[in-house]
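I opened my notebook to look up a few things in this structure. Here is what I went through, entry by entry.

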Amino acid sequence: RGPVLHIVVVGFHHKKGCQVEFSYPPLKPAEGHDSQSLPEEWKYLPFLALPDGAHNYQEDTVFFHLPPRCGDRTTVYGVSCYRQIEAKALKVRQADITRETVQKSVCVLSQLPLYGLLQAKLQLITHAYFEEKDFSQISILKELYDHMNSSLGNTSLEGSQVYLGLSPRDLVLHFRHKVLILFKLILLEKKVLFYISPVNRLVGALMTVLSLFPGMIEHGLTDCSHYRPRKSISEDAGLQENTPHLDDSVSSADTSDTTLGVGKGGRKVAGDHSLDTQKGSMPFSPSEKACNGAQSSNSAVQRLKVPSRASPASSESDWETLDPSILEESNLKEGERENTASEQAENLLSAESLPITVQPQANTGHAVLVPGLISGLEEDQYGMPLAIFTKGYLCLPYMALQQHHLLSDVTVRGFVAGATNILFRQQKHLSDAIVEIEDAHVQIHDPELRKILNPTTADLRFADYLVKHVTENRDDVFLDGTGWEGGDEWIRAQFSAYLHALLAAVLQPDNEKTLSDFGTVFVAAWKNTHNYRVWNSNKHPALAEVNSSHPFQGQYSVSDVKLRLSHSVQNSERGKKIGNVMVSTSRNVVQTGKAVGQSVGGAFTSAKSAVSSWFSTFTQSTQNLGD
């Protein structure tokens, strides 16, 4: 079976709302292609494929993530192309079409995160499907399924095709130095909500930010959508009352155990989970537990079967989110000695396939990946990608309004999510930061978090270095973005070097001065995150070859004062007010000068010119500081 799981058509029915109209192969094998029933795990599929407010646009593109189905192990990556057409233009008009326009989406559900590549192919087919003007002609969709599986069957996740359509260059041009703040927000595993319409701008910006993390798009999202659809609000309330905070001794997987009543080994779980925690046993994802509950007779045999590679769901352990000292090497070895052979098989701790120490590999042009011992992700010699999107930290490039409960779900410890509905943006208490893409504004609610993310002088130099290289020679329409320096791959390489330097600096003894360049309070907060603890539980000798200092460390200078002033003016409320007042005052003086000059004569005209020139020079210098 190829990487494409299904081709699905979602339409808007004037009475039933969004619904699946066609799927190939059928979403439920026992039913037909035109069945509208959905697997429970994918109940939100119609609302993701046909986004909220789509009627305001002729066409749009959506990237979305679905949780794995029962028995599957990894995220399902969805790409949807939406279009609408006038009903009177149709050659064949079904009886249930009562509105003036017909709205439909064609979407691909894939096992590979090839967002841009899938989008490019899907847009062509969607255009052809609508040009038929007869939606009963489904042969083109079946051909799309066969073509995609044959052409993508041997596709490697290494190379530029993974990043097709994701432009860090445009991101830096738009957000400028705030790109580094977004990068650090996600490193801290905060609740980050991106907001803009239409959806294609939303998902493009969000996924481009994630592409700055080495290996994240390729291998870091396999566990990013493990959530359970809620059946009622009262169930959420009950969970919140009975479940401790996730940052304490109970992980998100433990909470699922409590809810479902099925624990490790298929037995009932009662009360405290720390008993299993001491053994380092590894829970299944919620969907797998549901399967185990329904098929208890086969569960023991299934669990003893070691998969060919590590699974994010099955290789997570309860003790990952506990005290960092538990993750020390001595404790790991102790836990391994206590495990029986069957427990080792269940926990995927075979020494041959999952070494604790990741050895440096020769640079052959291709990254050598090994399954991470704890993260379950395929990691390179530096431990990349970081295990950010694991254990209940979700990545949802687009969230439907029907998924709103996930923002306050007790089993969700954080998220990077995108929304177009203003209801998400208005409920600020559900997120730590709201990224308004239209205005390039990052709104951080907590003053303490703002202090943690306040960029250091070295960080400001790094951001300024990026902005200067991206803005140079951008007027040349033929060469724009095609060179190495200032191009998309170059920007990703800079962030990769920044992250590697941070990781190398953390490993050094007496590193307080070095870490201060990255932000002492930021590093302290980062060390409390799940992704840092998982990374730090393994040894990565390859980092010994990395320079363990900030790429832009150095003595303080006058240019640093200008950078700091520019940053303060652009980001503080007082600075923004001063800037707005200066601009409006300049405009009013110029307009007044025009009126007076016309009525009085040349003397006032020359005075007006002088004042106007002075204000223009002043505002231009302020703009230069900002640039």
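Which residue in β4 does E59 stand opposite? I looked it up, bearing in mind that this is a predicted model, and found R83 across from E59.

**Entry 1: the antiparallel sheet**

I then traced the sheet around that pair. Strand β3 is joined to β4 (residues 76–86) by eight bridges, and the two run antiparallel. They belong to an open sheet of five strands, ordered β2-β1-β5-β4-β3, with antiparallel pairing. I noted β2 (17–24) and β3 (59–66) as the edge strands, each pairing on one side only. From one strand to the next, I read an average twist of 25°.

**Entry 2: salt bridges, starting with E21**

How many salt bridges does a search of the whole structure find? I got 10. One I wrote down is between the side chains of E21 and K104, at 2.4 Å from N to O. E21 sits in strand β2 and K104 in strand β5 (residues 101–110), so this pair ties together parts that are 83 residues apart in sequence. I also checked the cover on both partners. E21 is partly exposed, at a relative accessible area of 25%, whereas K104 is buried, at 7%.

**Entry 3: the mixed sheet**

My next stop was another open sheet, with five strands in the order β9-β10-β6-β11-β12 and mixed pairing. Its edge strands are β9 (393–396) and β12 (441–444), and each of them pairs on one side only. The twist here averages 15° from one strand to the next.

I followed β11 (residues 433–436) to β12 and counted four bridges, in the antiparallel sense. Across this pairing, V435 stands opposite V442, and A433 stands opposite I444. The hairpin of β11 and β12 has four residues between the strands, and there I noticed that A440 takes a positive phi near 55°.

L423 is partly exposed, with 40% relative accessibility. Together with L401 and I422, L423 makes a nonpolar surface patch of about 220 Å².

I looked up K451 and E448 next. They form a salt bridge, the closest N and O atoms being 3.8 Å apart. Both lie in helix α16 (residues 447–453), three residues apart, which is about one turn of the helix. K451 is exposed, at 55% relative accessible area, while E448 counts as partly exposed at 46%.

**Entry 4: H540**

Is H540 buried or exposed? I found H540 buried, with a relative accessible area of 7%. Its place is the loop between α21 (530–536) and α22 (558–571). I also noted that a polar atom of the H540 side chain lies 3.4 Å from the backbone oxygen of W535.

How values were computed. Residues are numbered from 1 along each chain as its sequence is written. This is a predicted model: local features need pLDDT of at least 70, side-chain atom pairs count only at pLDDT 80 or more; totals for chains, interfaces and linings use all residues. Side-chain values use heavy atoms; hydrogens and water are left out. Patches are made of residues with over 30% relative accessible area and no salt bridge: like charges are joined within 9 Å, nonpolar side chains (Val, Leu, Ile, Met, Phe, Trp, Tyr) within 5 Å. Accessible areas come from the Shrake-Rupley method with a 1.4 Å probe; for residues, only the protein chains shown count as cover. A salt bridge is a side-chain nitrogen of Lys or Arg within 4 Å of a carboxyl oxygen of Asp or Glu. Buried means under 20% relative accessible area, exposed over 50%, partly exposed in between (1.4 Å probe, protein chains only). A polar contact is a pair of N or O atoms within 3.5 Å; within protein, one must be able to donate a hydrogen and the other to accept it, and residues adjacent in sequence count only if both atoms are side-chain atoms. Two strands pair if DSSP finds at least two bridges between them. Axes are lines fitted to C-alpha atoms, for helices over the stretch in contact, and angles run from 0 to 180 degrees between N-to-C directions.
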